[in-house]
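Please read them with the coordinates open.

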Amino acid sequence: MPYFLTAIIFMPLLGAALIALIPAAQVRSIRLTAVAFNTAVLAAVVVLGLNFNRHTGLMQCLEDRVWIPQAGIHYTLGVDGISLALVFLTALIGLLAALASGGIVKRVKEYFLVYQVLMTGLLGTFLALDLVLFYIFWEAVLIPMFFLIGIWGGPRREYAAWKFFFYTLAGSVVMLVGILAVYFSVTPHSFNMIEIARSSSMIPGGVQAVLFLMFFFAFAIKVPVFPFHTWLPDAHVEAPTPVSVILAGVLLKMGTYGLMRICVPFFPAGAVLFAFPLAILGAVNLIYGAFAAFAQSDFKKMIAYSSVSHMGFVLLGVAALNVTGFNGALLEMFNHGVITGAMFLLVGVIYDRAHTREMSAFGGLASVMPRYAFFLTFMSLASLGLPGLSGFIGEFLALAGTFFRFPSIAAVSAIGLIALVALFLVIIKKVLWGKPAGHASYPDMNAVEISVMLPLVALTLCVGFYPQMILQFQTYAVNALVGLL
Amino acid sequence: MIPLGHFVILSAVLFCIGLFGVLTQRNAIRFLISVEIILNAANINLVACNRYLAPANAEGQVVSLFVIGVAAAASVVGLILIISVYRQRKSVFLDDFNLLKW
Amino acid sequence: MTNSFHFVSAELVLALGAFVILMAAVFGMERRTLAFVALSALILAIFRLPSTLPLGQSVLGGMVVNDIFGYGMRLFILLTVVMVVLMSMAYAWPQDEDMGEFYFFILIATVALDLAACAGNLAMVYLAVETLSIISYVLAGYFKKDLYSTEAGVKYFLFGALATALMLYGITLVYGLYGTLDMAHIGARIAGGDVQGPALVVAAVLIMAGLAFKASLVPFHMWVADVYEGAPWPVAAFLSVTSKALGFILLVRIFFSNAVVMAPFWGCVAPVIAILTMTIGNMAAFHQNSVKRMLAFSSVAQAGYIFAAMALGQVGLTAAFFYIAVYAFMNMGAFAAAAFLSPVNAQLEAYRGLGRRAPVMAFLFSVFLLSLAGLPPLAGFLAKFFVIWTAVEARDYILAGAVVLNSVIGFFYYLKVIKAMYFDEQAAVHDPRISWQGYLLVGGCVWGVVFLAIHPQAVLDILALMFV
Amino acid sequence: MVNIAHFIPVFPFVAFWLNIIFGCRLGVACAYVSVGASAISAVLAVLVFMGLQAGGGSYVLTPWLSVNGHPISLGIIVDSLTVMMLLVVTIVGTLIQIYSIGYMGGDPRFTRYFAYISLFMSSMLGLVLVDNLFLLYIFWEGVGLCSCLLVAFWYEKPAAAAAGIKAFITTRVGDTGLLLGILLLMSVGHSLRFADMSVISAPEPLMVLAALLIFMGAVGKSAQFPLHVWLPDAMEGPTAVSALIHAATMVAAGVYLVARCYPLFTAHPLALQTVAVIGAISAVMAASIACFANDIKKVLAYSTISQLGLMMLGLGAGGYTGGTFHLMTHAFFKALLFLGAGSVIHAVHTQDIRAMGGLFNKMKVTSVTFIIGALALAGVAPLSGFWSKDEILTAVWQHGNLGLFIAAVTTSFLTAFYMTRLILLAFFGESRGAHKAHESPAVMTMPLVILAFFALFLGFAGSPWAHHAFQRFIAPEEGEVALDLGMAVASTVIACAGILTAFLLRGKFLGYKEGTCALIENKYYFDEIYDALFVKPFHRLAAAVARFDQVRVDGVVNGVSRCVQELAQASRSLQTGLVENYLLAQAGGVFVLIVVVTLVGKLCHIF
């Protein structure tokens, strides 16, 4: 299928164009259009997955056209095992978040316009194989996000939007210089990610180290890695529910994806050099995030910090630089998208009813909203890494990978495991348990809310029971990646 | 014959005087005069150098005529502008042209 | 002589048009008709340009050179002036202003610009620049009853007069050193090793100061914000795009024909000036409450990016002029959109809520601002990208780093305007009404910003011919 | 028939989802779903037991995951240990669920209760069936979760909610050790299969470490010292849950784990020694606390800790059969005791034994079965507890460490003592509470009777009269076993001594002044120490981290932004609007440029 990836990337943009034509008053048709286009994207991604050749680590569905010959910039797209799961995740979360956008009542048309642009940026980031193109999509995410947080966010939305924007921008411009430096470091000069990875041995070790750090800086902010994480709690807390879902579910993965797509294959020597510090950062993220989350009083902030913690697993997995670690990191990325996305949806559900997120305002909801209790308990358990649910597999593999390389760091990370358990149990306890007081009248989750949750629950269960469901797609790609080291 | 160096030094001195005037004078008219002095310094250069270095053609001298003409036009425009400001503010002191700032 | 006639036929058309306008204005012709006359003169001039061909012949006794660079720059200048005229047509002028002179001045300025762009002789440089300057002073102070406009005019005059005087003195020093004002000859002498030490340096710096003044490079940028703020919007646009471009064009004409000798000078000073220009421009724009003033400082910062590419020497010219081309579209678009959205009050508050009141224009304004900021995939990004590209290729990582860091800061104030338009509640002001000329202009600029992003070869190919 | 074993956990799992999804509509019927499911599992377990070949076997269902190139398969192991556990779990589980129908009757979350129980059953069965440590860990956490949910079943009570969380977190500490042990074993031993445990060869210290880490998991789950603190608190859950999870099955999983990895421990004496010591400490410590406890369930909880310690001690001393045998018998009589206690609580609505008394006449069935259970626990011949405890004592004696043996004997003595005390206070003497006690319904007493039957006669499976059938079944390779008659007598004497002491002291139980033995009464201050050592610092650290994050980390970010803004303000103020300043800048700029360029030119020798 020629231009299939192009079609996937720009389908949301087409939706945006269509939405632009609908009068702003027709809110219903705008919503329907957005949902329809996101459904189409998901369907297309599923088709992509079905036609995906699982027995090769090479790029598939390659598209390559010269864009700016003077600068060697191409329009190159492709998908492999590393990106496929993330593309699927993006499409899925994109659809679910669009469905969950019912709470957006202000400036609906503009909301979905921006939303669709965001989706294009996200999909493009995961599919681009030309560094410049990658950078363009990477940046294209920023402005929609800035709008989504800044217009439809909470009381401190502007601060959060500015902070998010500048923090991530500061990182990415450093990456831009890095991109050019890479271009000039390989001969023949190229922006093509495949070719750069292939000729990475040409780059001298010292240069690799510097370039690794440049890219890492950009990705670290996005992931976010301690100490570059402080934009995240603010952005997550202020963003409206569906946007938080996208932020946690997909946006953070851009950073970790970058680590695996660029940092490791381009600069293997740098990666080996920095594996240990990276692992330390991973452990710090894991523990620090969990501790910081524990002390928060805002429900959403707790989940936000727990994201920091979970990203620690991904970092550990990447730092392991072995098949197990990479598998774990990729799986954890996917799982975190599903689980934390669901957690933010659940926070949104309760916020819609209580109009507050203070933990102290809840309690005893299990009696009032049993279905909500089920979903929240389920997702909390998945978050804390309960075996049998998807979160565990990723965490385990990442930890195992780390253990094989840096046993001591893996052992220290165990503190984080315990802290995470404490964190999510306390969330369950404070929100669901105890005597209901003052909020006995909250209605339980409605059909729409449940229908948004169900696919996530199903995925969490299925991946937990049968991790090969995701792993089978990435095996060869991960092996190829390790082969580069 | 007076050596070229003397002309150049004269020109340089005039230039410095003009520059000094430009930097120190607070009156717009005096400023205008100072600029004219700089232009005249340039003209001296042009004419003298033409005579000493390239007497074959009159390039420098022609240019100096242009300079005089254009400078006159510039002065006219400058004076017009100063007058229109003066009409509004009753002042030709540069310090008073201070609405637009920061 | 026929060659010369063909060469200047475009300028003759413009001059003719200018006098027609002057006459017609005397007979009280309508403002709109005058504009159309100016527009047709410009368009006719554009179509007359090919009569210059073939290139390479000596014209007007060597005062101007008929080269590809000049040819392209003339086209560029004419196009930007067309935009300025379109903008002035759509701009809501105060009713009591006499417009005849305006278009007359604009056309005459265009003649000067055209000739300056092709200047082959330092005398030509001075004459053209001074002519342009004189007209610019008038244009800046065009609102004779407006306190701000007159102050802008007089300020521009004061600083401009000094700048051109310095430049002239520098030119005379060169004449004293080499006995000629012909740039080709001087260049050949310098390339041949005839370097006159410190005296040449003084001359070069003085000439550069005059041009840097036009291009608004630090520390010759001080006038920019004050003048732009006081000047009418179309004039500000003209100054920020066309007049500024001339500064860069002449910098190339004068400093790159004898790049050999200028190398150390350029290498040690130009990057510093570039970095200072973008940083100070960005920093000063940071807290502005007036959109006009903000755009003024933004144009200083943009000049810094352009000059950053130039600072790298010959290799950076392609990037610099690609930037100028993109800059013309996006900056003109930004000025135009800003002017149309709030013609009188340029304060940030006046823009609040316009995202809903004038959705199309506000959106386009946002596009220009984001392009100026350098957001992918707009052309402004590619322009910056090429600058950084050149810097990295030249292994000048400090310059590259300065550009990227500055572009981060730049985002802040551009986004502040967008924020005001979209985030904030709307201010209680009238709905902006924008004529078709306005949409034509802004549409054209958006087309440029998008087209150059998708198909930058269009310009890059031409630039490749200019800077082999 | 062995290869149907993997179906055993499926039924309860299906029951779980049925109850979760259709719970509201099923109503009381959901209990039958759960009971039915576990009954089917029990039948299957019996079938597997009957079809079990000598030595058992294992089979692989499907490859599942690959870690570091080593496949982890979904494998099932069916050997005597597994089958024993299967039988215990399904039979006790089924009986307790039947009991629960009565005990939980009328509870608003009746269906939820049975859903959780079913989930527990399936996890527990999975735990004993899988053939490698990794999968075991998965189910291990599953049962932990169910334990947590069921302890906090009455989450409206703050104590219950807190206890649930405490249970999960404390065991999680141990589980983390287990996880690390698994990782270590995987990285140095390259296999997690139980079948490979005896053939793994790796550097001694690493293997000892792995064994100890795995044991750490067992310590957490089996509530051994020093991670025992959660179990007494877990008594906040419904009593039937305490019986099932916190007495009979889940807490025994730790013992099961040690038994499962026994080759790993026996190959490394240090590890085995640790098991024994920890077991001994737990046994004595918990038994001593039980002597002073007044909450009927707490007494039983400490007793459980103590008995589990005894099992560990047995295993650590090399008494594989003794440990596992006691595991089995203990499951039945301790379940019986808890259910009996539940029946009592159901009747008198208090858990304080000082507020009971004289219940024997009012609740005949409960009392008789309870006493049978207590005697079995005390180790009075010929009840089931006697046989298994005797086995352990023998093993410890043969092990040769006098300290451990004294610990075992002390535990036996104390066990008999506190159980007698409990019975005397609760069932005999005057009725001290203002309550109208009555016998529980048949649905509750019937399981009691059945369990009493097991408590009475199960021990004979390990007796000479049955030719030590159990021993031959569980460890056929150990060869001939014989009853140490001396030890049997000694053990009975110790038990009787305990009972007798209690009788002698019976007058003092009620008038006992608190504070006399403050150390033991306060459970050796474990809770307080942990609170001061871990819980409070954790909270404080978390708060400190959050503050650090807000003030320092974010402060730097905001500081950078403020710096830029200040700088921006400064550069803006350069634009004074004063003509003279601008002119100066212009001329000064020229001057500076000239100077700089000249200097550079000179320095670089260009001019």
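1. Among contacts in chain D between residues at least 6 apart in sequence, what percentage join residues at least 24 apart? The value is 79%. As a caution for what follows, this is a predicted model.

2. Some totals for chain D. The chain has 607 residues, and 61% of them are buried. Its secondary structure consists of 24 helices and two strands. The C-alpha trace spans about 115 × 60 × 55 Å along its principal axes. The accessible surface of chain D is about 21,300 Å², with carbon and sulfur atoms contributing 70% of that area.

3. Chains A and B, by comparison, are joined by no contact. The closest C-alpha atoms of chains A and B are 24 Å apart.

4. Chain D carries a nonpolar patch on the surface, made of D:Phe7, D:Val10, D:Phe11, D:Val14, D:Leu18, D:Ile21, D:Phe22 and D:Ile40. Together these residues have about 650 Å² of accessible area. Helix α1 of chain D, residues 10–26, supplies the largest share of the patch, namely six residues.

5. D:Leu18 sits in helix α1 of chain D. Its relative accessible area is 34%, so D:Leu18 counts as partly exposed; the partly exposed class lies between under 20% for buried and over 50% for exposed.

6. Helix α7 of chain A covers residues 157–185. Its 29 residues should span 42 Å at 1.5 Å a residue, and the end C-alpha atoms are 41 Å apart, so the two values agree. α7(A) is mostly covered, with 24 of its 29 residues buried.

7. Helix α20 of chain A, residues 468–484, passes the same kind of length check: 17 residues should span 24 Å at 1.5 Å a residue, and the end C-alpha atoms are 24 Å apart.

8. Which residues of α20(A) are buried? They are A:Gln468, A:Ile470, A:Leu471, A:Phe473, A:Gln474, A:Ala477, A:Val478 and A:Leu481.

Technical notes
Residues are numbered from 1 along each chain as its sequence is written. Chains are lettered from A and ligands numbered from 1 in the order in which they are written. This is a predicted model: local features need pLDDT of at least 70, side-chain atom pairs count only at pLDDT 80 or more; totals for chains, interfaces and linings use all residues. Side-chain values use heavy atoms; hydrogens and water are left out. Contact means heavy atoms within 4.5 Å. Patches are made of residues with over 30% relative accessible area and no salt bridge: like charges are joined within 9 Å, nonpolar side chains (Val, Leu, Ile, Met, Phe, Trp, Tyr) within 5 Å. Accessible areas come from the Shrake-Rupley method with a 1.4 Å probe; for residues, only the protein chains shown count as cover. A salt bridge is a side-chain nitrogen of Lys or Arg within 4 Å of a carboxyl oxygen of Asp or Glu. Helices (H or I, at least four residues) and strands (E, at least two) are DSSP runs, numbered from the N terminus. Buried means under 20% relative accessible area, exposed over 50%, partly exposed in between (1.4 Å probe, protein chains only). The expected span of a helix is 1.5 Å times one less than its number of residues.
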